Amino acid sequence: ASLVGPNETIFLDSGTTTPFIAKNLNPDLPLTVLCYTFTNAMEFYPRKNSNLILLGGMFHRDSNIFHSVENDWLVPNTRADKASISTGGFDPKMGLTTFFDYEAAIKREMIRSARHIILVTDSTKFGYISVTHFAELSEIDTIITDSGLPKEYRKDLIDRGIELIIADQEQNQLI
């Protein structure tokens, strides 16, 4: 949340991590948010200084997302300063993966349509491969994760030139 500046346009992906970004953004911060989860939409609905772009369509209860063919037009035609993307799996060779193909398509378009890509994921996703590929590590600018990240991943990410931010959950601060 501290990486988001006033008057920016941001994409907020699905997953269990992105609602923490939404909840921790200053409620008075003027910004435009494109999201496609019910949870994130409800966080921004009451905020007077936020412009909310909500992707619509069929609500998938298993993933908490809305999906429709119209989304395939809206996301690629919207530009953002930053995209906060989540992942179901992270593997240095296999890339970033998720559970649902319709979700992967939205993630791909968010990555193509934003200036700065921030992967937000907890350390349990590292070394895990999910069903559907959506991005290579080379497409990610910054990774925010917790202190449980294994050392071999830290070195690999730094060697690749990816900015790594370790968020200390207990101290509620960045390390």
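The questions and answers below go through a predicted model of one protein.

Visitor: How many helices and strands are there in the protein?
Guide: The model is predicted, and its secondary structure comes as helices and strands. The protein has 5 helices and 13 strands.

Visitor: Which percentage of the contacts with a separation of 6 or more comes from residues 24 or more positions apart?
Guide: Buried residues make up 50% of the 175 residues. Among contacts with a separation of 6 or more, the share from residues 24 or more positions apart is 58%.

Visitor: How many Å apart are the mean positions of the positive and negative charges?
Guide: The protein has 16 positive and 23 negative charges.

Visitor: Is Thr-121 buried or exposed?
Guide: Thr-121 sits in the loop between strand 9 (114-120) and strand 10 (132-135). Leaving aside residues up to four places away in sequence, Thr-121 touches Thr-17, Thr-87, Phe-126, Ile-144, Thr-145 and Asp-146. Its relative accessible area is 3%, and the cut-off for buried is under 20%, so Thr-121 is buried.

Visitor: Which residue meets Glu-8 in a salt bridge?
Guide: Side chains of opposite charge can pair when their charged atoms come close. A search of the whole structure finds 9 salt bridges. One of the pairs links distant parts of the chain, from strand 1 (residues 8-12) to strand 6 (residues 80-85), 74 residues apart. At 2.7 Å from N to O, the partner of Glu-8 is Lys-82.

Visitor: Are Glu-8 and Lys-82 buried or exposed?
Guide: Glu-8 has a relative accessible area of 15%. Lys-82 is at 15% relative accessibility. Buried means under 20%, so Glu-8 and Lys-82 each count as buried.

Visitor: What separates Glu-103 and Lys-107 along helix 4?
Guide: Glu-103 and Lys-107 form a salt bridge, with the closest N and O atoms 4.0 Å apart. Both residues are buried. They are 4 residues apart in helix 4 (residues 101-112), so the separation is about one helical turn.

Visitor: Are Asp-159 and Lys-155 buried or exposed?
Guide: These residues also form a salt bridge, their closest N and O atoms being 2.7 Å apart. They lie 4 residues apart in helix 5 (residues 151-159), so about one helical turn separates them. Asp-159 and Lys-155 are exposed.

Visitor: Where is Asn-64 found?
Guide: Asn-64 is not a glycine, yet its phi is positive, near 65 degrees. At 22% relative accessibility, Asn-64 counts as partly exposed. Its place is the loop between strand 4 (58-60) and strand 5 (65-67).

Visitor: Is Asn-7 buried or exposed?
Guide: Asn-7 has a positive phi of about 65 degrees without being a glycine. Asn-7 lies in the segment before strand 1. Its relative accessibility is 62%, and exposed means over 50%, so Asn-7 is exposed.

Definitions and conventions
Residues are numbered from 1 along each chain as its sequence is written. This is a predicted model: local features need pLDDT of at least 70, side-chain atom pairs count only at pLDDT 80 or more; totals for chains, interfaces and linings use all residues. Side-chain values use heavy atoms; hydrogens and water are left out. Helices (H or I, at least four residues) and strands (E, at least two) are DSSP runs, numbered from the N terminus. Buried means under 20% relative accessible area, exposed over 50%, partly exposed in between (1.4 Å probe, protein chains only). Contact means heavy atoms within 4.5 Å. Lys and Arg count as positive and Asp and Glu as negative; His and the chain ends are not counted. The place of a charge is taken as NZ of Lys, CZ of Arg, CG of Asp or CD of Glu. A salt bridge is a side-chain nitrogen of Lys or Arg within 4 Å of a carboxyl oxygen of Asp or Glu.
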